[in-house]
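Subject: Structure for you to look at

Hello,

Here is the structure I said I would pass on.

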Amino acid sequence: MTDHSPFRLLVRGVAKRCPRCGAGRLFVRWFDMKPNCPRCGYRFEREEGFFLGAYVINLALTEVMVGAVFIALIVREAQGWHGSLVPWLLVVGAVQVALPFVSYPFSKTIWAAFDLIMHPSSRSRRPKQSSAGRRRTTKAPGPRAESMGGALWP
Ligand SMILES: [Zn+2]
């Protein structure tokens, strides 16, 4: 039996693995993710624009790291250090440029894990495509205005 606890799914996502079965090798190249898991067949991009959440994760991770560098700078300044800001700005610039490229595949698998946590029904089956069972609701025509009070007027 497979473990589908949220923590386990997130660990698989952070490890760049399929959140549903834990399989690896989900990427053809660093930026090119396979559409389905090679082991369990789980479809990662469930709809158009699905990976917008991965973009948000990537952006948040980058901004947290930039914030950490600035906090380190503030702590150094508070301790009485008064050096040049150029090395700090170079580090911040390097983090802002390089980190999104490095964390790109991880943000996609992490987002897939979040999606699987939020939509647990997709762990075992795919969303239904059928529209069978829909009822046609045709409302019977109501009384017309002419027939409601036409007899009252000569
Ligand atoms: Zn899988």
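Are H1 and H3 roughly parallel or roughly antiparallel to each other? Before the answer, two remarks on how to read the notes. This is a predicted model, in which local features need pLDDT of at least 70 and side-chain atom pairs count only at pLDDT 80 or more, while totals for chains, interfaces and linings use all residues. Residues are numbered from 1 along each chain as its sequence is written.

The overall layout

The protein chain holds 4 helices and 2 strands. Helices (H or I, at least four residues) and strands (E, at least two) are DSSP runs, numbered from the N terminus. Along the sequence the pattern is α-β-β-α-α-α. Of the 154 residues in the protein chain, 16% are buried. Buried means that 20 or more other C-beta atoms lie within 10 Å of the residue's own, exposed means 12 or fewer, and partly exposed is in between, with C-beta atoms placed from the backbone. Two residues are in contact if their C-beta atoms, again placed from the backbone, lie within 7 Å. Among contacts in the protein chain with a separation of 6 or more, 58% join residues 24 or more positions apart.

H1 and H3

Two packed helices are described by the angle between their axes and the distance between the axes. The axes of H1 and H3 come within 7 Å and cross at roughly 160 degrees. Axes here are lines fitted to C-alpha atoms, for helices over the stretch in contact, and angles run from 0 to 180 degrees between N-to-C directions. H1 and H3 are therefore roughly antiparallel to each other. The cut-offs are under 35 degrees for roughly parallel, over 145 for roughly antiparallel, 65 to 115 for roughly perpendicular, and oblique for the rest. On the H1 side the contact is made by Pro6, Leu9, Leu10, Arg12, Gly13 and Val14, and on the H3 side by residues including Phe106, Ala112 and Ala113.

Leu9, Arg12 and Gly13 are buried in H1. The buried residues of H1 fall within an arc of 100 degrees seen down its axis, so they line one face of the helix. The arc is that of the directions from the helix axis to the C-beta atoms. H3 is among what covers these buried residues.

The core

The largest nonpolar core has 14 residues, and Trp111, Ala112 and Ala113 have the most contacts inside it. Helix H3 (residues 86-118) gives the most to this core, with 5 residues. A nonpolar core is a set of buried Ala, Val, Leu, Ile, Met, Phe, Trp, Tyr and Cys residues joined through C-beta atoms within 7 Å. Neighbours within four places in sequence aside, tryptophan 111 is in contact with Phe51, Gly53, Ala54 and Ile57.

Around H1

Histidine 4 lies in the segment before helix H1 (6-14). Histidine 4 is partly exposed, because 14 other C-beta atoms lie within 10 Å. Its C-alpha atom is separated by 7.3 Å from that of arginine 20, 16 residues apart along the chain.

Most residues other than glycine have a negative phi. Lysine 16, however, has a positive phi near 60 degrees, and arginine 25 a positive phi of about 55 degrees. Lysine 16 has 17 C-beta neighbours inside 10 Å, so it counts as partly exposed. Arginine 25 has 12, so it counts as exposed.

Regards
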